[in-house]
Amino acid sequence: MTGRDVIGRGLRVLWAGVQHEPKIFTIATIGSVLFGLLTIGTAYALGYVVGHVVEPAFATERYEWGTLLLAAGLVLAVSAGKVIGIFGRRLGSGFMQFRLQALYRRKVTRRYLELPPAWHARHSTGSLLSNANSDVEATWWPIAPLPFAIGSIVMMVAAVVVLFFTDWVLALVGLAVFPALFSLNVVYSRRMAPRQAKAQSLRASVSGIAHESFDGALVVKTMGREQAETERFAAKAAELRDALIRVGRLRGVFDPSLESLPSVGTLAVLVAGAWRVQSGAISLQDLISVTLLFTVMAFPVRSIGWVLGELPRSVAGWDRVQRVLTATGEMAYGESGVPGDGPAEIAFDRVDFSYVDGERVLHDVTFKVKPGKTVALVGPTGSGKSTVATLASRLLDPDSGEIKLGGVPATDLAAADLAAAVALVPQLSFAFDDTVRANVTLDRLRPDGTPISDDETWAALATAQVKPFVERLPDGLDTELGERGTTLSGGQRQRLVLARALAGQPRVLILDDATSAVDPRVEAAILRSLRSTSGGATILVVAYRRATIALADEVIYLEQGRVVAHGTHTQLLESVPGYAGLVTAYEKAEAERDRSYDAEEPEDDLEEPDTAMEIVR
Ligand SMILES: Nc1ncnc2c1ncn2[C@@H]1O[C@H](COP(=O)(O)OP(=O)(O)OP(=O)(O)O)[C@@H](O)[C@H]1O
């Protein structure tokens, strides 16, 4: 992108911002123009004071009180006007900048949530954070000095006009200095563009690495990778440092030039002005006014540089924000609901799916889970169980074939209806830094529009076998869980997340290895409790334990993305050698684990500990 493009594009970005906040922008610009014109007024008012008060006082050695008061009034009036101008400009600029930043943060975050898991898999958390923070800030940084810069341009034009009325020679000095100032600002921003873009993208990389290191802190520590990880971060941080130094160097060259140009103008005015005063073409008052004009204008004119100098960063930020806002791939939702109430049927019909082009993960998957039934998905690792669970909850869409929920194609369901009807409890449980209650209810409303009550929350906690634990917490449902629920054990967190799914009274419940960190006896109790109390849900459970599998009404056995067998556990045990082998292996592993669990204290979290084992066939 060339420098000219940057200015053009940057101004278009700012124009988009102005269109969002036209009223505030107008107030800020009027304030700024007022300030600009009164800045010229200041120079001429002070010139008037010198010409009408100071000069006569030197000549006559006495004050003209009337003129003195008039001069004082003039200076005060100009200052008061400037105060109003500054107030309007600053308030308007701040409002505009912060409102736009807030608006675009919301837009970016909203878009993140709409984009599909495949998009998230391609973008690091660090760069997403950088989009929502520094990119949005960079985009709207120059909008704050924009009204000031517009006021300053008006001021420069007005100053040239006023100068022509004062003296054409001094006006020529102005005509030389002001365009030079403007041009210098333009060259500055063009040179700055590539440097700012580079620094902005490195900020995202540094943030990405930092985020990854913090997230994986435990791995880094336990694997003794602190040094390597520190070096990886240091290398990127050094690149960012160098990029910022290159930005700083350019600033170092241009800033003093921009600062000193008006002073050169002042000097030129003094030289030319002294000659004009001598030749009687202008008065001393005029010379003072023009000299002051160049001095007081130096500061506002810098605002043009603030805008132009930051435009490249703004454009770089805008491009990165737009990449998120215009990213496609989100799912289109229909407008249907899941018909009727109570448990809903899940049906897969000839479903093919691939994450990456050409690498098919599911082949021709067809099965039905009748309303209210519990079906276990069983298969070796990588056979596609999680993929089926993810498709069933419509986080992904199949390449071909169809998935129906309650007889309605999943793609026809409205987003809210889908979320209300289907709950997926994933392998990785996530808890918010909030209370137990907030984590379970998520402020959701029941179908009749009322909030989920405490009784319902307790019921969900009981079904998830975590009620006794929550009861023992110091503040019960009001207990704060800390960041990501770090105050909970893995099993407690999994059960809390399950309770969250249950509290929404889903009609389809999909458990993707959702209780892996839970004692097998508790897991069995959960499933039993789910079947007897939730009553309203069809359950699809990715299962790894014989006890869980045996609890299901039916089993779907997957191998390499294909449904190899579908029937009861007993039928499959007898007729499918692969299945029998896998379940036997699970059983052996469980026996090992059971021995270790038996050696520990018995779990007292079970709601119905005595019956939990009975249901294990
Ligand atoms: N996000 C992804 N991108 C690309 N390939 C993926 C992705 N997720 C899973 N896969 C691939 O899809 C196949 C099925 O994975 P899936 O997670 O569904 O299997 P699974 O049966 O649940 O395995 P496990 O029992 O180990 O959890 C695997 O070959 C896996 O490598």
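How much of residues 168-188 is helix and how much is strand, and how far apart are the end C-alpha atoms? I looked this up in the predicted model: the span is 100% helix and 0% strand, with its end C-alpha atoms 30 Å apart.

**Annotated spans.** I noted that UniProt, in an unreviewed entry, places the feature "transmembrane region" at residues 24-45, 65-87, 140-162 and 168-188. I then examined residues 65-87, where the chain is also 100% helix and 0% strand. The end C-alpha atoms of residues 65-87 are 32 Å apart.

**Domains.** I recorded a division of the chain into domain 1, residues 3-325, and domain 2, residues 346-612. Between the C-alpha centres of domain 1 and domain 2 I read a separation of 56 Å.

**Ligand shell.** I listed the residues surrounding the ligand, among them Ala121, Tyr355, Gly382, Lys385 and Thr387. Two elements, strand 1 (346-356) and helix 11 (385-392), each give two or more residues to this shell. Helix 11 contributes the most, with 3 residues. By class, I found 4 nonpolar, 7 polar and 1 charged residues in the shell around the ligand.

**Nonpolar cores.** I turned next to the largest nonpolar core, which has 80 residues. Leu377, Ala499 and Leu540 have the most contacts inside it. Helix 16 (residues 490-503) supplies the largest share of this core, 7 residues. I also noted a second, separate core of 69 residues, including Tyr44, Leu100, Trp140 and Leu292.

**Leu377.** Setting aside neighbours within four places in sequence, I found Leu377 in contact with residues including Lys385, Val388, Leu540 and Ile556.

How values were computed: Residues are numbered from 1 along each chain as its sequence is written. This is a predicted model: local features need pLDDT of at least 70, side-chain atom pairs count only at pLDDT 80 or more; totals for chains, interfaces and linings use all residues. A residue is near a molecule or strand if its C-beta atom, placed from the backbone, lies within 6 Å of it. Helices (H or I, at least four residues) and strands (E, at least two) are DSSP runs, numbered from the N terminus. Ala, Val, Leu, Ile, Met, Phe, Trp, Tyr, Cys and Pro count as nonpolar, Asp, Glu, Lys and Arg as charged, and the others, Gly among them, as polar. Domain bounds come from an automatic or database domain assignment. UniProt positions are given in the numbering used here, feature names are shortened, and annotations may be inferred rather than shown by experiment. A nonpolar core is a set of buried Ala, Val, Leu, Ile, Met, Phe, Trp, Tyr and Cys residues joined through C-beta atoms within 7 Å. A residue is buried if 20 or more other C-beta atoms lie within 10 Å of its own, exposed if 12 or fewer, and partly exposed in between; C-beta atoms are placed from the backbone. Two residues are in contact if their C-beta atoms, placed from the backbone, lie within 7 Å.
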